[in-house]
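Welcome! Here is a short tour of one protein chain, written for someone meeting it for the first time. Have a look at the sequence and the model, then read on.

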Amino acid sequence: MQAVQYKCPSCGGNIAFNAETGLFYCEYCNSSHTLQKVVASHKKNESIDLTDAEKQERQTEFEENSALYTCPGCGSEIIAEKNAVTINCYYCHSPVTLVGRLSGEYKPDYIIPFSISKEQAEQIFLDFCKDKIYLPDDFKDGKVLEKITGVYVPFWLGDYSFDARTIASCRTHEDLGRGRTRVKEYQADRGAVIYYDNVPADGAKLIDDELLNALQPYNYDDLQNFTMSYLTGFMAEKYDVNAQAALWPQEERAKQHCAKFMEEHLKKTYNYAKVDQAIVERQSANYKYALLPVWFLAYKYKGKVYQYGVNGQTGKVSGSIPIDNKKLNLRSLLYSMFGAVFGFGIGMMIIAFLS
């Protein structure tokens, strides 16, 4: 298998994507290059969708130039550049093993590039931990920060159109003055076609769903056609949940939202509306496979893995953190001692006053 490498258009040195500037940086000649310039220099290695024949060609190139690694510790499957010599699992930090090539079905359609740098992500993490007084002492030290990894997480994005129909019993109230009200009753039958674009669902089993949901929303206006260049210096996880399985709960929620939307519309039109029947049927669905940026940290404490993430586009943060029980117990003991001493002092003052 031929390894793919992206070189500096100016000097031929290795380049890496800089999330903070959105440019590709060469450490040898200190030059920066736009994606367009990198694509022009490495057009044969890029995944640019043009004709069907060219799409198939890019699909084949992805199969030949992408590398799949697997972690023997936790089973995660990682996409990285084939020229990467040594990489560790971002989840459990174990060394990973090269498995081979990826099939073309795993080629992403779109990607949102990192715009938050590692340094920014580390500072966001430190700010997040600042007021957490029960954290273990080593949770905020440099060794933990070194484990923060830029990971492109696999997401499915669903575009839907729904045919929604609502039949409801409605009333209007007309004030006639002098305490009189005219009430008119209607049997309303309303229909609409409702569209939803870029409904997200993660396609990774190992990363906590609640964590990824908390990092939403992303700005999907920044979606770019996938190119291998964006993976330079980052990792990506291979999806292990297909589009239909991942998006089914979101599709059901969208249907419920359609019915709720129709009900709210009726309540704005009439003084009273009671839905008798709501029918929502999906007209069309289109699934897109996208990689979304997350600065990810997995921390193992007393046998439990805690996951923390920073949205690599917006900087939004979420995660679970460990509690040092020794610190918690010590503080509880101090509070108890303080309460006892304070109570004893108040008691003595009362006795002295009564005496």
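## The model and the chain

This is a predicted model, in which local features need pLDDT of at least 70 and side-chain atom pairs count only at pLDDT 80 or more, while totals for chains, interfaces and linings use all residues. Residues are numbered from 1 along each chain as its sequence is written, and side-chain values use heavy atoms, with hydrogens and water left out.

The chain has 7 helices and 14 strands; helices (H or I, at least four residues) and strands (E, at least two) are DSSP runs, numbered from the N terminus. Of its 355 residues, 42% count as buried. Buried means under 20% relative accessible area, exposed over 50%, and partly exposed in between, using a 1.4 Å probe and protein chains only. Among contacts (heavy atoms within 4.5 Å) between residues at least 6 apart in sequence, 72% join residues at least 24 apart.

## The nonpolar cores

A nonpolar core is a set of buried Ala, Val, Leu, Ile, Met, Phe, Trp, Tyr and Cys residues joined through side-chain atoms within 4.5 Å. The largest one here holds 52 residues, and Phe125, Tyr152, Leu231, Leu291 and Trp295 touch the most other members. Among the elements that each supply at least two of its residues are α3 (118-129), β8 (149-177), α6 (243-269) and β12 (272-301). Strand β12 gives the largest share, 7 residues.

Which residues does Leu291 touch, not counting those up to four places away in sequence? Its partners include Pro108, Tyr110, Tyr152, Phe226, Leu231 and Glu237. Apart from this core lies another, of 28 residues, among them Cys71, Ile78, Leu211 and Leu292.

## Aromatic rings

A search of the whole structure finds 17 aromatic pairs. Rings of Phe, Tyr and Trp (its six-membered ring) pair if their centres lie within 6.5 Å; planes under 30 degrees apart count as stacked, over 60 as edge-to-face and the rest as tilted. Trp156 and Tyr239 form an edge-to-face pair, with 4.9 Å centre to centre and 65° between the planes. Trp156 belongs to strand β8 and Tyr239 to the loop between β11 (235-237) and α6, 83 residues apart.

Tyr239 also pairs edge-to-face with Tyr289, at 5.0 Å centre to centre and 80° between the planes. Tyr289 lies in strand β12 and Tyr239 in that loop between β11 and α6, so this pair ties together parts that are 50 residues apart in sequence. Both tyrosines of this pair, Tyr239 and Tyr289, are buried, and Trp156 is buried too. Together with Tyr106, Trp156, Tyr239 and Tyr289 form one aromatic cluster.

## An exposed valine

Is Val99 buried or exposed? Val99 is exposed, with a relative accessible area of 52%, and its place is in strand β6 (residues 97-100). Leaving aside residues up to four places away in sequence, Val99 touches Leu68, Tyr69 and Thr70. The C-alpha atoms of Val99 and Ile78 are separated by 9.9 Å, and the two residues are 21 apart along the chain.
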